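Please read these notes with the model open beside you.

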Amino acid sequence: MSSPITSEYNIAMQEFTNLSYTTSEQHKDLTEARMKRDTADLEKISSKLAVCSPFSPDSSLRNIVTGVVAEEGKSHNPANVPVAFRSNCLSPFSFDNNNVFTEILQGPIPENVILTLDSRTGAIMESWGADKFYLPHGITIDHEDNIWLTDVAMHQVFKYSNTLQLLLTLGVRFVPGGDDKHFCSPTDVAVSRDGNFFVSDGYCNSRILQFNQMGDLIGKIYGQTPGLPAPHVFKVPHSLSLDADHNRLFVADRENGRVIVFNSDSKTFIDQYTGFGERVFAADYNKINGKYCFNQQ
């Protein structure tokens with residue numbers, strides 16, 4: 001549901017119930033400017049759909065209703081595309097002022113939210129994850145075909161084997177925080193060949209944390225940029241990608257509209273890319289051709 005429609009719906013509900021709602025800091029961008037931007041985005045999407053439909057001939061895929069995040073070409077079988085999606089369950093009031101998810105009693109998403117698609121036909125080859133996740137956000141497949149997922153409502157990171165066995169859980173269930181044991185709506189995971197991994201944390205903390213393969217914290221990045229006045233830091237680090245051959249970590253700094261590159265060993269700043277517009281949602285490095293791709297708005 002677009003922001004303008006959601007805003008009108010919420011206003012109507014407040015008038016009908018005679019109740020007032022508060023919005024967490026991370027969702028207070030439903031301003032007039034944001035509504036106009038979302039309306040313009042909706043018009044662009046409608047225009048694009050009129051000439052280029054993304055829907056598969058497989059009718060079962062048409063029931064997927066919102067946000068999709070996919071990682072392609074990182075698994076051992078490049079013909080398979082793992083996809084994480086969530087149903088239309090997030091509203092501007094899903095979090096309180098302390099970033100605590102307020103819709104726990106509604107239960108986890110009852111549908112399978114992790115799908116494996118055939119990249120040629122779009123057919124669903126496998127699906128799982130029903131009744132496990134509330135707001136799945138990022139999905140990563142590492143070099144051993146382990147599946148990494150973040151859930152921004154549960155404030156947790158999960159690692160599953162390719163046989164769907166839960167191997168590791170980080171963060172405290174439904175408890176946001178900014179210390180070494182907690183996340184606050186983590187968004188993505190990037191895994192090194194040695195098993196160490198980075199987590200972008202995320203909507204509230206705006207930091208990158210590095211862990212060893214056992215899940216012990218071994219490093220932090222707060223996004224300081226040399227030559228720019230402090231605090232010039234991350235504003236929603238939204239996506240991560242590793243260039244293992246050159247020890248580079250790409251970070252999509254969403255609300256700052258830039259991609260920052262760090263040395264993945266020393267965690268020191270290397271470079272940044274700007275000029276994308278207001279927001280950059282994702283960064284992905286392609287190790288086959290040495291190129292990187294950015295998803296911007």
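1. Serine 200 touches Pro186, Thr187, Asp188, Arg207, Ile208, Pro237, His238 and Leu240, leaving aside residues up to four places away in sequence. Contact here means heavy atoms within 4.5 Å. This is a predicted model, in which local features need pLDDT of at least 70, side-chain atom pairs count only at pLDDT 80 or more, and totals for chains, interfaces and linings use all residues. Residues are numbered from 1 along each chain as its sequence is written, and side-chain values use heavy atoms, with hydrogens and water left out.

2. Is serine 200 buried or exposed? Serine 200 is buried, because its relative accessible area is 0%. (Buried means under 20% relative accessible area, exposed over 50%, and partly exposed in between, with a 1.4 Å probe and protein chains only.)

3. The side chain of serine 200 makes a polar contact with the side chain of threonine 187 at 2.6 Å, and it also reaches the backbone nitrogen of aspartate 188 at 3.0 Å. A polar contact is a pair of N or O atoms within 3.5 Å; within protein, one must be able to donate a hydrogen and the other to accept it, and residues adjacent in sequence count only if both atoms are side-chain atoms.

4. Serine 200 lies in strand E10, residues 197-201. Strands (E, at least two residues) and helices (H or I, at least four) are DSSP runs numbered from the N terminus.

5. Residues 175-214 are 0% helix and 40% strand, with end C-alpha atoms 21 Å apart. For residues 234-265 the values are 0% helix, 59% strand and 19 Å.

6. Strands E5, E6, E7 and E8 form an open sheet in that order, with antiparallel pairing. Its edge strands are E5 (136-141) and E8 (166-170), each pairing on one side only. Two strands pair if DSSP finds at least two bridges between them. Strand E6 (residues 147-151) and strand E7 (residues 156-160) share five bridges, and tryptophan 148 stands opposite lysine 159 in E7.

7. Strand E3 (residues 114-118) runs antiparallel to strand E4 (residues 124-128), joined by four bridges. Leucine 117 has isoleucine 124 in E4 as its bridge partner. The two strands, E3 and E4, form a hairpin with five residues between them, and glycine 122 in the turn has a positive phi of about 80°.
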